[in-house]
Amino acid sequence: MYVSRNNTEAAVRFYALRPATTVRNGLAPARNAVDTIFTLVPGGRRIRIFPAIATEATRPAGYANESIPPGAFFLPTNPARDTSSYLFILRTGTPARRRVDTLTFAYDRKLLVITPNCGYDQQLDNVRIVRHTFDSIAFFNTTLFISDSVNLRIFIR
Amino acid sequence: MHTQLGRWAVFMLLLVWAVQVQAQVPRPTREDSIAVKKMLDSLSAFKLLLAVPRPYALRVGTDVSYFLNGVFAAPFGAESLSDNLQRFYSSVQRAEVSAELVFNDNLYALAADVGYASVTRSSANPRQTAFQYRNTGSYFRLGFDYNFFQKTFDDQAVNLGFRYGRTTFSHDLIAERISPAWGYVFDPSKNFPDDYEQTVPNERLSAGWIEIVTGLRVRIWRGIVGGYTFRVKTMLNVKGENRLLANELPGFGAVRGALKISFNYHLYYQIPLKKKRGLGKISQ
């Protein structure tokens, strides 16, 4: 039986980048992690909230055993393109704290047929950041695996 | 002066000891000569191997294991016998011409295979994403066989050898895209994206592999020679892959794991290239 190790979603986690924080090789203290809550935009037309963005609590049953840290969420990649773009709107309740960020990352899609019964598998390789407006951002591995707890760490002030 | 005398004394002692030892070495007996002769006879095969190549026979044939595979696989499918047969032969087409040029009284052979293979794999599990993978190409193998039973049999052989294989092929994949987040959901009642089905073509690929082979060649009737070849193969490289990774290699088979084992059965027609000199060995 074939069990795929590959993932087509990037596990993302936000970190608060405080002045005293030292980020080395994309690693930040775990206490700086920011819990993320996604809310639907009522009546939003131009802005689409992806229904597949899931946090630990809303993951499908098949992913229940993964050790995903609290506060992490998943960015599904576009299966028809070699790049995926995302828009992040930070809302803290006050208009002054409203912040809009963009993120685009690219990847190489590799397709591999396993067997007629197992179907085909897709691997995202050579993942790299193309454009972003965050303070700092770091991909750890250039290949997305389901065993990765967090693929992408985003640092915000 | 004393040092020189000491050296001479040691030299003379060694000389006397050497002469005594020489005198104690027994002279070779008749039994020893026979044993040495037997040992040299057993090495005659290697002498033949090093001798100037003398063509012994040419075998030309084909690999019939493709036909046998379908027959053997047919009873174990989920459908009826005829359906399983039809499905096997419609999804796999393979033809191979093989030749062996045998040298030095059936001691070793140069082997060459040329073939064509076309394989289509479709999703067999309705719970999986539907796909169709097609792979078409030609291949060749070149190698060498050494016959370990050359002294016992005339036309039979128990071989051990190696092969180098190379293929040029093209393959493509037609598959559905599944991603609810990006709108790729199969729902005929709604408008799903036009590019819901993706085609990934990939042409002009090449790959190489090596094999260690062992096999048997038996004269079945007159000039007809049959035999199996058991192969342990490992892939060397694949060139020209884009997004689609090779699932099959013509002549090699499915690409899974570092080592692959396969079995072929060949039928040859043997054309003798050397006149026989009586019945010196066991012959059928």
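Let me start with a term. Two strands pair if DSSP finds at least two bridges between them. Helices (H or I, at least four residues) and strands (E, at least two) are DSSP runs, numbered from the N terminus. Now some ground rules. This is a predicted model, where local features need pLDDT of at least 70, side-chain atom pairs count only at pLDDT 80 or more, and totals for chains, interfaces and linings use all residues. Residues are numbered from 1 along each chain as its sequence is written, while chains are lettered from A and ligands numbered from 1 in the order in which they are written.

Chain B first. Look for the closed barrel of 8 strands in chain B, with antiparallel pairing. Its order is β1-β2-β3-β4-β5-β6-β7-β11. From one strand to the next, the twist averages 25°. Angles here run from 0 to 180 degrees between N-to-C directions, and axes are lines fitted to C-alpha atoms, for helices over the stretch in contact.

Where do β7 and β11 of chain B come in? They pair with each other in the antiparallel sense, residues 224-239 with residues 260-272, over 10 bridges. Within that pairing, Gly227(B) faces His266(B) in β11(B). A helix, α4(B), packs on the sheet and touches β1 (55-63), β2 (92-103) and β11 of chain B. Contact means that C-beta atoms, placed from the backbone, lie within 7 Å. The direction of α4(B) makes about 130° with that of β11(B).

Stay on that helix. Val71(B) sits in α4, residues 65-73 of chain B. Is Val71(B) buried or exposed? The cut-offs: a residue is buried if 20 or more other C-beta atoms, placed from the backbone, lie within 10 Å of its own, exposed if 12 or fewer, and partly exposed in between. Val71(B) is exposed because it has 12 other C-beta atoms within 10 Å. From Val71(B) to Ser91(B) it is 20 residues in sequence and 14 Å in space, C-alpha to C-alpha.

Next, where the chains meet. The contact draws 23 residues from chain B and 17 residues from chain A. On chain B, β3 (108-122), β4 (131-147), β5 (157-176) and β8 (244-245) each supply at least two residues of the side touching chain A.

Zoom in on β8(B). It is joined by 2 bridges to strand β5 of chain A, residues 99-115, and the two run parallel. Which residue is the bridge partner of Leu112(A) in β8(B)? That is Leu245(B). Leu245(B) touches Lys110(A), Leu111(A) and Leu112(A), leaving out residues up to four places away in sequence. With 18 other C-beta atoms within 10 Å, Leu245(B) is therefore partly exposed. Its C-alpha atom is 9.8 Å from that of Val255(B), 10 residues apart along the chain.

Finally, chain A. A nonpolar core is a set of buried Ala, Val, Leu, Ile, Met, Phe, Trp, Tyr and Cys residues joined through C-beta atoms within 7 Å. The largest one has 16 residues, and Ala10(A), Ala11(A), Val12(A) and Ile154(A) touch the most other members. β1(A) gives the largest share, 5 residues. Outside four places in sequence, Val12(A) contacts Ala72(A), Phe73(A), Leu75(A), Leu152(A) and Ile154(A).

One word on confidence. pLDDT is the predictor's confidence in each residue, from 0 to 100. Chain A averages 71, and 60% of the residues score at least 70. Over residues 44-48 of chain A, the pLDDT is below 50.

Conventions
Contact = placed C-beta atoms within 7 Å.
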